[in-house]
Amino acid sequence: LLSGIPEPNGAPTPAELDQLFGRGVLRLWHGELAAARDDLSRVARATRRRGPIHSQLYAAQYLADAAYHAGRWDEAIVTAEDGAAIARDLGNVWALPMLHAVASYPHAQRGNFAAAAAHLDQAEAAIATDVDIPNRLWTALGRARLATARWNFSGAIAALEAIAAIGHLDGVREPGVQSWQPVFAAALIDVGNLERASAVIDTAAAVARTRGHLCAMVALERERARLVAENDLEQGLEIAAKAAENVAVLAGSPSGRPFDVASFELVHGRLLIRAGRQDDAATALRRAQELFSGLGAMPWEAATSAELDRIGAAGAAARHAPGQLTAHERRVARLVASGMTNKQVAAELIISTRTVGYHLENVYVKLGVHSRVQMTNLLNEHLDGPVEATGVSRTK
């Protein structure tokens, strides 16, 4: 129904904003992250300037979720936390739980456990009713991701039990809406409940195949490979090898899905170690290590490095973006380093030029640099590849 909607010319009308929002959410749920971000960004910018404010908050929810899956974790944190601050100031309790939940995702994966837990506490406190299924889903998955990053698999299962009990609802059973099933299955495998893990994987995989949702299929086949390998290592490796073809497609997509790709490579590497294929394992694990490092996913990078050490194939030194910067400071720094002026950065982030200057001064102090050129060189040295340029015109 939405595939043929006309592209708005100039400022979108309210009807056009509704269409863009609907299309953006559907694109996100189908895994088309770059296209989803385009639609949702237009909604967020238009409504931030002239309202309605509830539309801006809902666009921020899904923009942050898209940024998380695309590996743009600083953007996800900034978008979700800024949205939560606005929602709290305006008393919009419906938007708060998801915004706080999405903000928790990258914090948990990076090992910022206190920050993740604080967001989830606020998310749960803001859920107005037990039948608010969407906000319960996002928050429960946040709890499960936090527990998994702490290697607390029983905690991850407990967080998702209530969601699994209502898995007949479309919004819950669709892996693209929030892919909780692979997280649940992984925890079940880790505690030895293989029969139930198999049932979760089979049910979700049937829907994912029908929808052609590549990322969900990769995550589910990753867990199926682990599950089968418990009793038949060679068959598990065969499943992983077939899934690797989809992983390559996923890695080459516009969004890249770096955390999902790295998670697969970590599992694949562990299976290869068990099979005695040390060289192949080292290759997979180094790919995982590089991706986890680029995201700043410290618990996962540490686990990958431990596997490399175990086979005497220690990986290259981790390369992180300067860790002392806040998410807001990193985002400003990257936009400035891409060639944008302070005024352009302010327009892009919809903040004042004074705020841009404030963040930039903090960046200079923390990094020990004194110019845009020095800052850009340092960021390029620590990040995977050169700083990404945006589509905004440059003024030297």
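A residue is called buried here when its relative accessible area is under 20%, exposed when it is over 50%, and partly exposed in between, with a 1.4 Å probe and protein chains only. Helices (H or I, at least four residues) are DSSP runs, numbered from the N terminus.

The model is predicted: local features need pLDDT of at least 70, side-chain atom pairs count only at pLDDT 80 or more, and totals for chains, interfaces and linings use all residues. Residues are numbered from 1 along each chain as its sequence is written, and side-chain values use heavy atoms, with hydrogens and water left out.

Let me begin with helix α6, residues 113–126. The expected span of a helix is 1.5 Å times one less than its number of residues. Within α6, the residues A116, A117, H119, L120, A123 and A126 are buried. Contact means heavy atoms within 4.5 Å. The buried residues of α6 pack against α4 (73–90), α5 and α7 (133–149).

Leaving out residues up to four places away in sequence, S104 touches A116, H119, L120 and G142.

I turn to the nonpolar cores, each a set of buried Ala, Val, Leu, Ile, Met, Phe, Trp, Tyr and Cys residues joined through side-chain atoms within 4.5 Å. In soluble globular proteins, nonpolar side chains tend to be buried together. The largest core has 91 residues, of which W138, L160, W180, F259, L271 and F292 touch the most other members. Helix α14, residues 258–274, gives the most to this core, with 9 residues. Apart from it lies another core, of 19 residues, including A333, L335, V345 and Y364. As for L160, its contacts beyond four places in sequence are A140, L141, A144, W180, V183 and F184.

Next, the aromatic rings. Rings of Phe, Tyr and Trp (its six-membered ring) pair if their centres lie within 6.5 Å; planes under 30 degrees apart count as stacked, over 60 as edge-to-face and the rest as tilted. The structure holds 11 aromatic pairs. One of them, F21 with Y62, is edge-to-face, at 5.9 Å centre to centre and 70° between the planes. The pair links distant parts of the chain, 41 residues apart: F21 is in helix α1 (residues 14–29) and Y62 in helix α3 (residues 53–69). F21 is partly exposed at 25%, whereas Y62 is buried at 13%. Elsewhere, Y68, W73, Y105, W151, F259, F292 and W300 form one aromatic cluster.

Finally, two polar side chains. A polar contact is a pair of N or O atoms within 3.5 Å; within protein, one must be able to donate a hydrogen and the other to accept it, and residues adjacent in sequence count only if both atoms are side-chain atoms. T47, in helix α2 (residues 33–50), is buried at 2% relative accessibility. A polar atom of the T47 side chain lies 2.7 Å from the backbone oxygen of V43, and one lies 3.4 Å from that of A44.

S253 lies in the loop between α13 (233–251) and α14, and is partly exposed at 24%. A polar atom of its side chain is 2.6 Å from the backbone oxygen of L250. S253 and A34, 219 residues apart in sequence, are 9.3 Å apart in space, C-alpha to C-alpha.

Key: Helices (H or I, at least four residues) and strands (E, at least two) are DSSP runs, numbered from the N terminus.
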